[in-house]
Amino acid sequence: MDSSFFGRQHLAVLLALFLPLLSACVSYGKISNEPIAAAESSARYSITQAVHSGRSDEATMVLAFSGGGTRAAALAYGVLQALRDTRVNLDGRSQRLLDEIDTISSVSGGSFTAAYFGLYGDKIFTDFEKDFLRRNISIDLMQGLLDPANLLSERGRTEVAANYYDGNVFKGATFADLQNGDGPLIVINATDLARGVRFSFLQDYFDLLCSDLSSFPIASAVTASSAVPVVFHPLVLENRKGCGNRPESFLTDLQAHAKRSPQLAHVVDGLISYALKDQRRYIHLVDGGITDNLGLLAIYEMIELAGGARNLLGSLGGVPGRRFIVISVNASTSPQYGMELSKAPPSMADTVNLVTDVQLHRTNAATMALLQSSIKRWAAELSRPEQTVESYFVDIDFKDVQQAERKRYLNQIPTSFSLKAEQVDELIAVGRELLLSNPEFQRFIRDLGGSQPAMVR
């Protein structure tokens, strides 16, 4: 979750100075979800039909990229570098581990890295730093927001940001471009503000709105995933009518599998509410970190609502791999606040940030525990007498940085879309190092008979 595109310590000042000005004229973003088309099933970017590739059946690899502005994007980028340089033996030949990623679930800042990799593959290693990581996006966005042409138009702050990302980062790409590529399934997650449930940019969700995902801009999805409430307007989708029984059949299956869990029942209730077309004419989407700052709950809910790992795999037409690995890239921080060195009352900004951090860390801890137990259960479900499925859960987190001063430095990097060059360098390096030194990841590589690159700083 990104608390400010400038840095959370400046949030209160920004709100006080700029929001009255930016809210002087009511603005409405352009509705960009088109009615559902009579498209062939092969054109659907969905859970069951999105990606067809030559990935090995020996291992299933799922990544989750957290929120945290450019800090999260750079950390995830370092992890991708490490996967690029790690080779394993699959199907009798040496392959890059990067090419075996099946799914990336992302929220907020992590969605920039996930979407860019899904669209451009290896070009991420030549272009992403100049296109995103090393841009002063905060200043660029503020200049756009304060442009008199935008202040006097009906364009909202979120639409200005989406247009910026579309032109400078994603170059007009849509979900049809993701579908046409051979990359992993990219699940970009936002939050339905009115119902407090996750909304994933998959055709399965767009079916509920009678809308076509293929024509939807990638930049708009990433903007919704990172749209901090108040600082940005929600991204608005129209809840359209007239697409037959397709949504009803999807929801019937979900309801059956949600009965065993209040959490899953809440998710399904939120999805069912999209059928109330007259009551929910417009869906307002904001930062995905509000409901799942790690991107892990999206993985959990997809598998559980499908009836378990074996049911989901069956719907995909696949066979269980011998190894199942989930890599969580968590860019959340535990910064030191000045209030701990003074008896003076904390500032409003520090108070807001501390309350947010406490809630975030408690939620993250509960999510991690849920996934760690679930992945073992899923592996047991997929195992057969003739073949046991081994599970691996890799947690990439600043808490595992060994050097105290380096850990302090990383935890003080703000949630911002403008970082210093040395901060970006350090985040990329630590993402790479934390993955390669992780004992669970090393066990996974050994089991596959692979080799790791040297950890060079």
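Which residues does the UniProt annotation "active site" cover? It covers S108 and D287, and the entry is unreviewed. UniProt positions follow the numbering used here, feature names are shortened, and annotations may be inferred rather than shown by experiment. This is a predicted model: local features need pLDDT of at least 70, side-chain atom pairs count only at pLDDT 80 or more, and totals for chains, interfaces and linings use all residues. Residues are numbered from 1 along each chain as its sequence is written, and side-chain values use heavy atoms, leaving out hydrogens and water.

**View 1. The annotated pair, S108 and D287.** The two are spread over 180 residues of sequence. In space they cluster, with a largest C-alpha distance of 6.0 Å.

**View 2. S108 in its loop.** The loop lies between β5 (101–107) and α3 (109–120). Helices (H or I, at least four residues) and strands (E, at least two) are DSSP runs, numbered from the N terminus. S108 counts as buried because its relative accessibility is 0%. Buried means under 20% relative accessible area (1.4 Å probe, protein chains only).

**View 3. D287 in its loop.** This loop sits between β10 (282–286) and α13 (296–305). D287 has a relative accessible area of 0%, so it is buried.

**View 4. Strand β2 and its partners, β11 and β5.** β2 spans residues 59–65, and six of its seven residues are buried. Two strands pair if DSSP finds at least two bridges between them. β2 pairs in the parallel sense with β11 (residues 323–330) over seven bridges. There, A64 has S328 as its bridge partner. Five bridges join β2 to β5, also parallel. V62 is bridged to T103 in β5.

How values were computed. Buried means under 20% relative accessible area, exposed over 50%, partly exposed in between (1.4 Å probe, protein chains only).
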